[in-house]
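Thanks for coming. I will talk through one structure, and it will go up on the screen now.

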Amino acid sequence: MLPQPFTVTAKRRDTSDTWTLELQSRAGAGLECAPGQFTMLSAFGAGEVPISISGWGGWERGGDGPLVHTVRAVGLATQAICDAPVGAVLGVRGPFGRPWPVGEIEGADVLVVAGGIGLAPLRSALLTLLARRERYGRLLLLYGGRSPEQLLYTAELEQWRARGLDVAVTVDSAGPEWLGRVGVVPRLVHRARFDPAGAVALLCGPEVMMRFTFSALAQAGVGSDRVYASMERNMQCGIGHCGHCQLGPTLVCRDGPVYRWSEIEPWLAIREL
Amino acid sequence: MQTLDELIAGAPIFAGLAPEHLALIAGCASNERFAAGEYLFREGAAAERFFLIRHGAVSLEVDAPGRGALVIETLHEGDVAGWSWLFEPYRWELDARAREPVAVVGFDGLCLRGKCEIDHELGYQLMRRFAASLTERLQATRMQLLDVYGRGRAG
């Protein structure tokens, strides 16, 4: 329950309001993480927020390298985290939650569908899939953002492409200087080439975007038992005690954040949830 | 090298059409190319054609005074550019510009409208397909209007 002190060892500005930070445990030992999990990250005196794990150094050796978090400044605590300079100490609790099923889906074509900051929780899954590239069929990343300036990990996208990932990027709006695609992510699903009979999709982004994407996937023949989504609710304790992040009969911090779409589909149709 | 008939039969918009209808459509079609920067159609002009994109990318644009051309959407291989040829007053409401060298199958809308007037089954089948395409694009536009990435999760 107590936050452990981690030092900011590196930071990089991704967009006007989003930073990627590398954090090293002051105790020396790394965290045992799985892709898709999150930590409760705190800036002392400002507050604590759930942030997805975007990666961690040396995961193949047991995770003794730095923890990587990509954070968007949307409030007091996240602004303080983004403002933390190299050398500052932040608090980390976790990791928490159910991860992406990267082991279960071996052998399948995998569509990773991300919207906006939703690429951050999927980055650790992508790194794992690419590290075990030979265990999967086609690997596709369909990524949408608000504008070209808001896209994350642009340099890494090229590296991932070179390692065997089909990358399609689109933005909601752009000027004529943008030579890439303009349009929404679900439309990329219609154009993607994969085997719908056995394909698995991993989704993360705004809930509206995920609903539209699931609809496109269902149209393409990917069933709701083969679609996984990382959900977001008001997570506060991170360990299933406070109940703030309830989604239907589940708690997102404990039973999620990664769910099979078929598990949550009934609850997504209830507006009050 | 695919023939015009094969290109049309393989296009998603014409999937499932009867051979005789595909033949009628092919009778109004021709292969065309546009250089990068060239316009397939311009806002306000008479809409007498539509295009099935074979290769390359086309941007749908609106010119905004003081802001230049705003790109609404880009279209790619297998997409159809243009539906104003189907609906009165048959005027383009957007610009469509080739972003790179583009190969298309161009369709004479006047020719096809004439055939639809004679063969209502062809007209119904075409209208069904264009309505589905319109619905998909309308849903996409709604999602763009929602600006879903504007706020929300922190990471």
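Start at B:Phe34, which is buried, because 20 or more C-beta neighbours is the mark for that and B:Phe34 has 22 of them inside 10 Å. Please keep in mind that this is a predicted model. B:Phe34 belongs to strand β1 of chain B. If we set aside the neighbours within four places in sequence, the contacts of B:Phe34 are B:Leu40, B:Ala98 and B:Val102. There is also a pair to look at with B:Arg99: 65 residues separate B:Phe34 from B:Arg99 along the sequence, while their C-alpha atoms are 9.5 Å apart in space.

Now the sheet around that strand. In which order do the four strands of this open sheet of chain B run? The order is β1-β8-β3-β6, and the pairing is antiparallel. The edge positions belong to β1, residues 29-34, and to β6 of chain B; each has a single partner strand, so one side of each has no neighbour in the sheet. As a general point, strands of a sheet pair through backbone hydrogen bonds, and they can do so in a parallel or an antiparallel way. Inside this sheet, β3 of chain B, residues 49-55, is joined to β8 of chain B, residues 102-108, by six bridges, and the two run antiparallel. One of the partners to find on the screen is B:Asp108 in β8(B), which is bridged to B:Arg49.

Chain B has another open sheet of four strands, in the order β2-β7-β4-β5, again with antiparallel pairing. Its edges are β2, residues 39-41, and β5, residues 68-75, of chain B; each pairs with a single strand, so one side of each is left open in the sheet. From one strand to the next, the twist averages 35 degrees. Within this sheet, four bridges link β4 of chain B, residues 58-64, with β7 of chain B, residues 95-98, in the antiparallel sense. B:Leu60 has B:Ala96 in β7(B) as its bridge partner.

Staying in chain B, look at the loop between β6, residues 80-81, and β7, where B:Pro89 sits. The peptide bond running from B:Glu88 to B:Pro89 is cis, and omega is near 10 degrees. B:Tyr90 is in the loop between β6 and β7 too. Its phi is positive, about 60 degrees, although B:Tyr90 is not a glycine. Is B:Tyr90 buried or partly exposed? With 15 other C-beta atoms within 10 Å, B:Tyr90 is partly exposed.

Next, chain A. How many helices and strands does chain A have? The count is seven helices and 16 strands. Along the principal axes, the C-alpha trace spans about 45 × 45 × 35 Å. Among the contacts in chain A with a separation of 6 or more, 69% are between residues 24 or more positions apart.

Chain A also has a cis peptide bond, joining A:Gly256 and A:Pro257, with omega about 5 degrees. A:Pro257 lies in the loop between α6, residues 252-255, and β16, residues 258-260, of chain A. And there is a tyrosine with positive phi here: A:Tyr153, with a value near 50 degrees. A:Tyr153 is in the loop between β9, residues 139-145, and α3, residues 154-162, of chain A. A:Tyr153 counts as buried, since 20 C-beta neighbours lie inside 10 Å.

Last, the contact between the chains. It takes in 35 residues from chain A and 21 residues from chain B. On the side of chain A that touches chain B, the elements giving two or more residues are β4 (47-52), β6 (67-72), β11 (181-182), α4 (185-191) and α5 (207-220) of chain A. Which of them gives the most? That is β6(A), with four residues. By type, the residues on this side of chain A are 17 nonpolar, eleven polar and seven charged.

That is the end of the tour.

Notes:
Residues numbered from 1 in each chain as written. Chains lettered and ligands numbered in written order. Predicted model: local features only at pLDDT ≥ 70, side-chain atom pairs only at ≥ 80, totals over all residues. Contact = placed C-beta atoms within 7 Å. Nonpolar A, V, L, I, M, F, W, Y, C, P; charged D, E, K, R; others polar. Pairing = 2+ DSSP bridges. Axes fitted to C-alpha atoms, helices over the stretch in contact; angles between N-to-C directions. Buried ≥ 20, exposed ≤ 12 C-beta atoms within 10 Å, placed from the backbone.
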